[in-house]
2 protein chains.
Amino acid sequence: LDFALVRMPSSAKSIEHSEPSATSQTRRKCVFYDVAHSNNAARIRLWMRVQGGRGRRRLLEDSIETVTIGHDDLCSESYARVNPLGKVPAFVTDAGLHLFEASVIMGYLEDRFGDDPASGGRIDGEGEGATRGGPSLGLVPDTPDDRAFVNLLVRIHDLYIASPNCTQPSFSHTQGCMYLDPTETEFTPASRTMDVKTRAAKAAEIFKQLGWLEGRIRRPFMAGESMTHADLTWFPTSVF
Amino acid sequence: LDFALVRMPSSAKSIEHSEPSATSQTRRKCVFYDVAHSNNAARIRLWMRVQGGRGRRRLLEDSIETVTIGHDDLCSESYARVNPLGKVPAFVTDAGLHLFEASVIMGYLEDRFGDDPASGGRIDGEGEGATRGGPSLGLVPDTPDDRAFVNLLVRIHDLYIASPNCTQPSFSHTQGCMYLDPTETEFTPASRTMDVKTRAAKAAEIFKQLGWLEGRIRRPFMAGESMTHADLTWFPTSVF
């Protein structure tokens, strides 16, 4: 499976080596690279599902193709051409820009296909064919303070729970303490082992960050009355 | 020095324990907590300097107070009430919302005091008293793809170079390999030591990420023709 081809479904040629015709240009879609068990990719899926149910299904289907890859594919050379860090989610825009890091992709989706700041993030009507101007979609709050609060919740998740901060062997995200073995096993390759001391420290970190979170979140959703990016981000990790 | 007091300069009372009068409410400012040598705090300073020079100096002076603290203050109990992670920069909004993590604060500043998406980020005139509608300020690009590219550059800096992903002892950002000692010294407290093996891995990580960066950045600024958050973020770290 060559991902440099997959991301060009209409031409089956690498974008670097073909001058797309007008036809293939109009057909070209953004491509979202997903792995079924990834909690970080899951928020992208959730965003598309929620926005699809709120009147953007056709827009998203016409604009974005999802390519689900296997865990083993992450280390392949062809995937390295999609994301040199070998992580999912990744996203290639229809203009050929390669994005990775879930929150960067979420920002792009929101920016391009989501709530329109100029209309207060509203659309008219429900379901297919809805247009902007109706009830607020609510995934991005209305005020700078509330938006920053959501960004902070997402940031704490990404930094202190769900991402390594070094791509070298045996550096891990904090969440890895829940499932990475101290020595090489069937489930933990040598490059991802986590010693017992590190595991203990990271388990303490989860406790600390969840304690902070518990004291800060609002109700019924994490940032108050409506679902936001904070919920889409923390939910898949909480049930991982 | 009690930071819970400092952040309320007009009332000298904790926000939790006083019902501010109309006068103190109108006088209350946002507070930016800075440490002189922090590369992550420096981007906040740069943003205010650049935007101040582009017609927002009065707005920023009227709205934001900077409190510069010492490195030793970061571990104090009073600062823990500002930012429980004991890091700078931190920022308390005039509504009392406590923010930390530099990119979250940068997003807030841009959102509240920066480019107005509805006007294409333009202001009329230059210097004091300028109003919106003139030339683009350019710190946030005009298209979703370019905005996402800037966000990606910032994200790579934050995750893989400049932030720990665990607040427990002896976990460090990648940049720490440039100056943290393997054993306790005058300059490295016991909680921040970095062993030689970790240092070697993190030095390799810096090389890898800078290699990626070198291949991706545009010219003359990192994202092309104008200065963006990517430059404000990477510059202080590059000269750190």
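This report describes the relation of two chains in a predicted model, their interface, and some of the local packing.

Local features need pLDDT of at least 70 and side-chain atom pairs count only at pLDDT 80 or more, whereas totals for chains, interfaces and linings use all residues. Residues are numbered from 1 along each chain as its sequence is written, chains are lettered from A and ligands numbered from 1 in the order in which they are written, and side-chain values use heavy atoms, with hydrogens and water left out.

The same surface serves both copies, since 100% of the contact residues of chain A recur in chain B. Contact (heavy atoms within 4.5 Å) joins 47 residues of chain A to 47 residues of chain B. The area buried between the chains is about 4100 Å², and carbon and sulfur atoms give 57% of that area. Buried area is the accessible area (1.4 Å probe) that two parts lose on being put together, summed over both. In chain A, D145(A), R155(A) and N165(A) lose the most area to chain B, together 18% of what that side buries.

**Aromatic and charge–ring geometry**

Eight aromatic pairs are found over all chains; ring centres of Phe, Tyr and Trp (its six-membered ring) must lie within 6.5 Å, with planes under 30 degrees apart counted as stacked, over 60 as edge-to-face and the rest as tilted. One of the pairs, W212(A) with F100(B), is edge-to-face, at 5.8 Å centre to centre and 70° between the planes. This pair crosses between chains, from helix α7 (residues 196-216) of chain A to strand β4 (residues 98-100) of chain B. Helices (H or I, at least four residues) and strands (E, at least two) are DSSP runs, numbered from the N terminus. Buried means under 20% relative accessible area, exposed over 50%, and partly exposed in between (1.4 Å probe, protein chains only). W212(A) is buried at 12%, and F100(B) is buried at 1%.

An arginine lies over a phenylalanine face in each row below; the criterion is NZ of Lys or CZ of Arg within 6 Å of the ring centre and within 35 degrees of the ring normal.

| Charge | Ring | Distance from ring centre |
|---|---|---|
| R218(A) | F149(A) | 3.9 Å |
| R218(B) | F149(B) | 3.8 Å |

H229(B) is in helix α8 (residues 229-238) of chain B and is buried, with a relative accessible area of 11%.
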